[in-house]
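Reader: I am new to this structure. Could you walk me through it, one question at a time?

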Amino acid sequence: MTMAATNSEVRDIVVEEVLPHTPEKLWLALTDGALIARWLMAPSGFEPVVGKHFTFATKPAGEWDGTIQCQVREVVPHERLVYAWNSGHAGNVGYGARLETVVTWTLTKVPGGTRLRLVHAGFVIPRNETAFTNMGEGWRKIVPRLDALATEAEAAATLGKPGAT
């Protein structure tokens, strides 16, 4: 075992909020590719089916081409979505370093809406320090985007109902 291995720790990003939407509305935002593109990045090949491989593309760095390789690991409609999130390259340090993590979305119905819990787990520190910091800030901005998207979808649905003003 090397000194780097003995001095590393694994950390998770956790974001939790209660949003004034049904689990069904939030689930749609989490599992529809066109909607995912509006709050995160456009996925290529995403379907909420266990075993399904899909990708996201972001800014390349060093030996990493910017592709985020994902695979759906668990799907419980309107309750839980889990996928692997792997990116980076072993030759990179900082942005674009090798990253092997798991993203878990949990939706729990509560009075007044849904508790949305995001856990992005498996950041090996210090190797993934840059990703942990940047993605921690990023995920905290993502949840309000989901809220806004669900609000927009609910407003559009209300406007489309007969007799709605």
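Reader: Let me start at a turn. In the hairpin of S5 and S6, which residue takes a positive phi?
Author: This is a predicted model, so every value here is computed from it. The hairpin of S5 and S6 has 2 residues between the strands. A positive phi near 85° occurs there, and the residue that takes it is Gly112.

Reader: How many bridges join S5 to S6?
Author: The two strands run antiparallel. Thr108 stands opposite Arg115 in S6. Leu107 stands opposite Leu116 in S6. The count of bridges joining S5 to S6 is 9.

Reader: Which residue in S5 is the bridge partner of Leu81?
Author: Strand S4 covers residues 80–87, and strand S5 covers residues 99–110. They pair in the antiparallel sense over 8 bridges. In S5, the partner of Leu81 is Trp105.

Reader: How many bridges join strand S1 to S6?
Author: Strand S1 spans residues 9–19 and runs antiparallel to S6. Val10 stands opposite Val124 in S6. The number of bridges between S1 and S6 is 11.

Reader: Now the whole chain. What pattern does the protein follow along the sequence?
Author: The protein has 4 helices and 6 strands. Its C-alpha atoms fill a box of roughly 70 × 30 × 25 Å along the principal axes. Read along the sequence, the pattern is α-β-α-α-β-β-β-β-β-α.

Reader: Is Thr114 buried or exposed?
Author: Thr114 sits in strand S6, residues 113–125. Buried means under 20% relative accessible area. Thr114 has a relative accessible area of 0%, so Thr114 is buried.

Reader: Which residue's backbone oxygen does the side chain of Thr114 reach?
Author: Thr114 touches several residues beyond its sequence neighbours, including Glu17, Val18, Leu19, Pro23 and Leu26. Leu107, Thr108 and Lys109 are also among them. Its side chain reaches a backbone oxygen at 2.6 Å, and that oxygen belongs to His21.

Reader: Is Asp65 buried or exposed?
Author: Asp65 is in the loop between strand S2 (53–57) and strand S3 (67–76). The cut-off for exposed is over 50% relative accessible area. Asp65 has 53% relative accessibility, so Asp65 counts as exposed.

Reader: Which residue's backbone nitrogen does the side chain of Asp65 reach?
Author: Leaving aside neighbours within four places in sequence, Asp65 is in contact with Thr58 and Pro60. Its side chain also reaches a backbone nitrogen at 2.9 Å. That nitrogen belongs to Thr67.

Reader: How far apart in space are Asp65 and Thr22?
Author: In sequence, Asp65 and Thr22 are 43 residues apart. Thr22 is among the residues that Thr114 touches. From C-alpha to C-alpha, the distance between Asp65 and Thr22 is 37 Å.

Reader: What is the phi of His78 near?
Author: His78 lies in the loop between S3 and S4. At 32% relative accessibility, His78 counts as partly exposed. Most residues other than glycine have a negative phi. His78 has a positive value, near 70°.

Reader: Is the peptide bond from Ile125 to Pro126 cis or trans?
Author: Pro126 is in the loop between S6 and H4. Most peptide bonds are trans. From Ile125 to Pro126, omega is near 20°, and the bond is cis.

Reader: Last one. What share of the residues of the protein count as buried?
Author: Buried means under 20% relative accessible area. Thr114, at 0%, is one of the buried residues. Of the 165 residues of the protein, the share that count as buried is 38%.

Notes. Residues are numbered from 1 along each chain as its sequence is written. This is a predicted model: local features need pLDDT of at least 70, side-chain atom pairs count only at pLDDT 80 or more; totals for chains, interfaces and linings use all residues. Side-chain values use heavy atoms; hydrogens and water are left out. Buried means under 20% relative accessible area, exposed over 50%, partly exposed in between (1.4 Å probe, protein chains only). A polar contact is a pair of N or O atoms within 3.5 Å; within protein, one must be able to donate a hydrogen and the other to accept it, and residues adjacent in sequence count only if both atoms are side-chain atoms. Contact means heavy atoms within 4.5 Å. Two strands pair if DSSP finds at least two bridges between them.
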